[in-house]
Amino acid sequence: MRSVVIAILGLAVASAAWGEEPGLAAAARSILGSDQGVYVESTDGTVLVAQAADRPVHPASVSKVPTTLALLRKLGPKHRFVTTFSSSGRILDGTLYGDLSVASDGDPSLVDEDALLVAERLKQLGIQRVAGTLHARSALIFDWQNDSDATLLRRALSGLTPLAAWTAVHGLESLNTAGTATSSASPGIRFTTATTQPATSAAGIRGTELLDEKTLVTHRSQPLLSLVKSLNDYSNNIIKSFADAAGGVAAVEAIARSAVPAQMSAEITLGDGAGTDPSNRLSPRVAVKLLRALEGELASTGHTLPDILPVSGVDDGTLRDRLNGVGEAGHVVGKTGTFGDYGASALIGAIPTTDRGTVYFAILNHGVPVPQARLRQDRFVRAMLVRLHSVSWNYQRDPRPAIARAQVLATPR
């Protein structure tokens with residue numbers, strides 16, 4: 001299917017009628033500036049606006065679009081990252097005698113709420129205290145930062161988190177399917193320095209003995225689709241770590257180049273997968289092609305762009321307060337990009353219309369102050385909404401918190 005998508009994109013570039021909309025082209029020049037990059041095309045590949053469209057500039061967080069595409073191709077929308085907590089210690093009278101180990105397959109999304117859920121599952125196994133420490137067996141990211149010695153995670157497991165985190169977990173855990181209370185009254189488990197081993201007798205070791213290291217709790221992240229959606233909604237730069245899960249930034253760049261017509265591949269340069277590297281470059285037209293390639297990838301599993309990118313005026317995050325007026329909210333799905341140090345401000349997206357089917361656009365500003373660039377971007381998009389008779393995306397926001405979409409499972413003993 002991917003080869004078909006690429007062939008269609010290439011055909012569109014080679015043979016689509018140049019149907020530039022004079023009114024939109026004039027609006028682009030007057031609103032955005034004649035030296036700014038703009039590219040707009042309709043579903044059938046007709047080019048409506050092309051201004052400095054083949055000039056690569058720094059795209060800021062629009063770089064997250066090729067990373068998103070690579071992740072979906074590499075892992076699929078249902079993929080869950082897995083983090084396990086294990087020990088070979090003995091459990092007696094609420095105490096685990098021995099260290100607790102944590103191993104992750106690269107989940108960059110673990111936060112306080114997840115740690116508190118893990119602590120709740122440990123309590124279900126009869127562990128209120130750990131007479132030992134917590135150590136990481138693999139690279140670990142927690143609360144959006146490197147936590148190689150598991151210090152931050154241990155603190156959260158101990159219940160030393162913001163009150164809001166425990167309130168969210170307590171609300172989620174307070175009722176089970178039978179409607180009875182299941183969560184403990186206080187968050188976290190205790191880590192102590194006392195390492196005295198359980199007493200033994202002729203009958204053997206008292207309590208539960210783990211002769212070999214065994215998994216106690218397994219944390220499975222929310223599915224990749226909703227996870228990356230939340231990161232794109234807020235344009236969280238932790239998505240840079242996801243490039244590793246997709247094979248590294250070189251692999252992301254290779255996938256992006258293969259997803260666009262060959263004559264445009266040189267207009268893609270990625271130094272990272274989030275948009276913070278000074279070497280990142282995309283042209284407006286290649287940004288649109290990548291957006292359409294992402295749409296094609298989503299369609300192959302029954303999904304659409306709003307399932308992984310923010311919708312204006314609907315989703316919390318970067319587009320919540322932009323293009324959110326009457327006749328605007330819900331009409332634009334897109335990705336913002338801002339990096340003032342590089343003079344970069346961007347907005348790319350897609351609009352369903354009655355006149356031209358879905359219209360795809362990319363505005364890549366450079367050398368314009370960010371507040372002014374955003375105002376200009378929104379003005380131009382509003383001109384498109386009116387001229388092309390836009391309609392709303394068929395989309396409803398998922399109101400559940402992220403922790404409700406994760407799975408945290410205690411291993412029966």
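What follows is a chat about the helices, cores, aromatic pairs and a few single residues of this predicted model.

Q: Hi! Before we start, what kind of model is this, and how are residues numbered?
A: It is a predicted model, in which local features need pLDDT of at least 70 and side-chain atom pairs count only at pLDDT 80 or more, while totals for chains, interfaces and linings use all residues. Residues are numbered from 1 along each chain as its sequence is written, and side-chain values use heavy atoms, with hydrogens and water left out.

Q: Great. How many helices and strands are there in the protein?
A: There are 12 helices and 21 strands. Both are DSSP runs numbered from the N terminus: helices are H or I with at least four residues, strands are E with at least two.

Q: And what share of the residues is buried?
A: Buried residues account for 52% of the 413 residues. Buried means under 20% relative accessible area, exposed means over 50%, and partly exposed is in between (1.4 Å probe, protein chains only).

Q: What about contacts across the sequence, what percentage join residues at least 24 apart?
A: That is 72%, counted among contacts between residues at least 6 apart in sequence. A contact means heavy atoms within 4.5 Å.

Q: On to the inside. Which residues touch the most other members of the largest nonpolar core?
A: They are F242, I268, L290, L294, L305, I308 and I348, out of 52 residues in that core. A nonpolar core is a set of buried Ala, Val, Leu, Ile, Met, Phe, Trp, Tyr and Cys residues joined through side-chain atoms within 4.5 Å.

Q: Which element gives the most to it?
A: Helix α10 does, with 8 residues.

Q: What does F242 touch?
A: Leaving out residues up to four places away in sequence, F242 touches L71, F81, P108, L224, L227, V228 and L231. There is also a second, separate core of 31 residues, with F85, L110, L125 and V130 among its members.

Q: F81 and F242 are both Phe. How are their rings arranged?
A: They form an edge-to-face aromatic pair, 5.6 Å centre to centre with 85° between the planes. The rule is that rings of Phe, Tyr and Trp (its six-membered ring) pair if their centres lie within 6.5 Å; planes under 30 degrees apart count as stacked, over 60 as edge-to-face and the rest as tilted.

Q: Where do the two sit in the chain?
A: F81 is in the loop between α3 and β3 (82-87) and F242 is in helix α8, so the pair links parts of the chain 161 residues apart. F81 is buried at 2% relative accessible area, and F242 is buried at 1%.

Q: How many aromatic pairs does the structure hold, and which other one is there?
A: The structure holds 2. F339 and Y342 form a stacked pair, 4.3 Å centre to centre and 15° between the planes. Y342 counts as partly exposed, at 31% relative accessibility.

Q: Switching to helices: which residues of α2 are buried?
A: In α2 (residues 22-32), those are L24, A25, A27, A28, I31 and L32. They cover an arc of only 160° around the axis, which puts them on the same side of α2. The arc is that of the directions from the helix axis to the C-beta atoms.

Q: Why would such spacing end up on one side?
A: An α-helix has 3.6 residues a turn, so residues three or four places apart point the same way.

Q: What covers that buried side, and what is on the other face?
A: The cover includes β1 (37-41), β2, β20 and α11 (370-387). The face turned away carries the exposed residues P22 and S30.

Q: One more spot: S61. Is it buried or exposed?
A: S61 is buried, with a relative accessible area of 7%. S61 lies in the loop between β2 (47-51) and α3 (64-75).

Q: Which side chain does S61 make a polar contact with?
A: The side chain of K64, at 2.7 Å. A polar contact is a pair of N or O atoms within 3.5 Å; within protein, one must be able to donate a hydrogen and the other to accept it, and residues adjacent in sequence count only if both atoms are side-chain atoms. Beyond residues up to four places away in sequence, S61 touches S235, N237, A274, G275, K335, T336, G337 and T338.
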